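Please look over the structure shown below.

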Number of protein chains: 2
Amino acid sequence: MDNKLMLMIPGPTPVPEPVLLAMAKHPIGHRSKDFEGLLADVTAQLKWLHQTQSDVLVLAASGTGAMEAGIINFLSAGDRVLVGVNGKFGDRWAQVCETYGLKVERVTAEWGKPLDPAEFRRLLDADTDKTIKAVVITHSETSTGVLNDLETISKDVKAHGALIMADAVTSLGATNVPMDEWGLDVVASGSQKGYMLPPGLGFVAVSQKAWDAYKTATLPRFYLDLGKYKKATDKNSTPFTPPVTLFFGLQVALDMMQKEGLESIFARHHRQKNATRAAMQAMSLPLFAADAAASPAITAVAPVSVDAEKIRSLVKKRFDILLAGGQDHLKGKIFRVGHLGFVSDRDILTAIGALEAALLELGYDQCQPGAGLAAASQVLTQG
Amino acid sequence: MDNKLMLMIPGPTPVPEPVLLAMAKHPIGHRSKDFEGLLADVTAQLKWLHQTQSDVLVLAASGTGAMEAGIINFLSAGDRVLVGVNGKFGDRWAQVCETYGLKVERVTAEWGKPLDPAEFRRLLDADTDKTIKAVVITHSETSTGVLNDLETISKDVKAHGALIMADAVTSLGATNVPMDEWGLDVVASGSQKGYMLPPGLGFVAVSQKAWDAYKTATLPRFYLDLGKYKKATDKNSTPFTPPVTLFFGLQVALDMMQKEGLESIFARHHRQKNATRAAMQAMSLPLFAADAAASPAITAVAPVSVDAEKIRSLVKKRFDILLAGGQDHLKGKIFRVGHLGFVSDRDILTAIGALEAALLELGYDQCQPGAGLAAASQVLTQG
């Protein structure tokens, strides 16, 4: 059915109507008092969201652009960095580092398994000469639905003295990422995720320790030069023309988040993750990530006796719900349900209901019809 | 008056209502058939707009991000480049080149004066060893309202063999920039200008000759790596999450441009430029650029007996029309009228009328009230 699409992918995520309408407003000049006020307001809200006193900068870029900026502004060619790789995005940050001539050591785990903090600790402990300059961790690995233990790894990195850089693209606004409490130096994210916005804005939060490293870091950057963004942001301005209408939406979305409250937002994502996982288990659909490492934003499912792509395509065709497929070598092997951002408990019931109907149509006989919905309802109503 | 703002700055420019409404639509998934169709459609339209058979790539970035990408993808550290500098943007491209360790030679002209093609020819002719790898030219210098002679410079660069890279941010969609006919290798632009969109999208058109240079170019880039964009665009996809709702607007805006036709669009900008300039002269307000080098997008005015910022601020306060001020050392010395993108002849009359009223209120006595409007009307109605 046309114009009836429901997004249950890990981004773009659903956008609330007040945000959509704010973005339909006519642009204002970005060198005006009005825009200065907007930027000041939004910057304060972003610090709240990141639970930080540090700078949070906004770029016209995707999450990848933001994360690249978060890496290249604080390092120099030849610097040794550890990069956690257990999915497509961890792998991407290793590629970014290699592109800029950093000495990259990949600390890997199988896709679908979490990174092992002990492995990082071992490498950090052994590095008595302090040659490791930074550790790059993907908090929620969007490609597999795995949440890595950023808090633990971060503590060990702090003790060592290197910078800890986090891709929080699908964790920020979904689960707790307290930048200051955990001592994170770089936190990168993108608008089409927990922010409840369309894609187009990237965010980078930067600690004072990272700014100290900035002074001597020599990798080349201009558009992605965060020093330019900081200098401008300190004056409620931007170094380059900002996407004015996306900023209108950002202000409305952050207002909504503040009204809901961080604790409620995190509890909602946690509850919906548990409901989704309970439903999959009740339908005998194997979960790709273990409970202890499950992302609050994405549930990846690896069906055995029924084709993942067939399920996905039928759910789209019959019920206009978009689920995500697998990426790279997981293509066709898993499907992914996004429960990130502006998602209500009703949406979870809807998605599970549609999934059950599609399984029925595909002749799947590994579960009692209704079992998934019953399990999800149980979690949603009783926690 | 609230919500009554009229933009007469060189960007963001006015956005048509159908474009605003298209951007208020709910996002779709960017890895879907629907988005593939949209991207294919938009890419064909962009080639039409650039008058080229070459690739036109779309980035989530400002015009600066697009121009930086257009420079760094085709060069290596130490490469010798000539950069035309006669305003803020020419200076910015020289800074980009320096940031990446290129050997930069600035070919300068006073701000407000055009670059001298003979100076480029002399340097190119003298370069018998072909050490010059690229020439970077700002076509319409937004900071001064000067249109540089890109066509002539381009011809000489082609004869030499270097790459010719053009910042067409405020010329594309306002005046003729026939990429293939002029043999341009890189053409960069941004959405908030002739495209009639809010800011947030950057565009880079790339010739085959530039792609040949790409193969051996070694400057580091990942998010701005145009090879990634080409590879994806060839499959109607994007390497990173695209700003989906801005693409909705882009499709509508390019449709509108196709309906109006390139010749009509260029004629409209030319007529409005002439009307604006005639009005300024009739009001004894000195034009900052000479007729022969006047940008079709921006008219810069350098008032003598009345303060530029006072005019600007009164026009804003009394009539809700936003004019641009001067940048860098021209701050307070000039004001700039944008007549770029979705601007009708009515808007020109409105702006001139408001300007006259403001001058009257400021006690300016260097012209007969009504003289500006009469001069503009004359040009608009009789060409």
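## Helix α9 of chain B

Covering the buried residues of α9(B) are elements of chain B that include α2 (33-50), β2 (55-60), α3 (63-72), β10 (201-206) and α8 (208-214). Helices (H or I, at least four residues) and strands (E, at least two) are DSSP runs, numbered from the N terminus. Helix α9 spans residues 226-233 of chain B. Its buried residues include Leu226(B), Gly227(B), Tyr229(B), Ala232(B) and Thr233(B). Buried means under 20% relative accessible area (1.4 Å probe, protein chains only).

At the start of α9(B), Asp225(B) places a side-chain oxygen within 2.9 Å of the backbone nitrogen of Gly227(B).

## Basis of the model

This is a predicted model: local features need pLDDT of at least 70, side-chain atom pairs count only at pLDDT 80 or more, and totals for chains, interfaces and linings use all residues. Residues are numbered from 1 along each chain, chains are lettered from A in the order written, and side-chain values use heavy atoms, without hydrogens and water.

## Interface of chains A and B

Chain B gives 44 residues to the contact (heavy atoms within 4.5 Å). Chain A gives 45. The buried area between them is about 3600 Å², and carbon and sulfur atoms give 70% of that. This is accessible area (1.4 Å probe) lost on putting the two parts together, summed over both. In chain B, His26(B), Phe222(B) and Tyr223(B) lose the most area to chain A, together 17% of what that side buries.

Conventions
Buried < 20%, exposed > 50% of the residue type's maximum accessible area, 1.4 Å probe, protein only. Polar contact = N/O pair within 3.5 Å; in protein donor to acceptor, adjacent residues only side chain to side chain.
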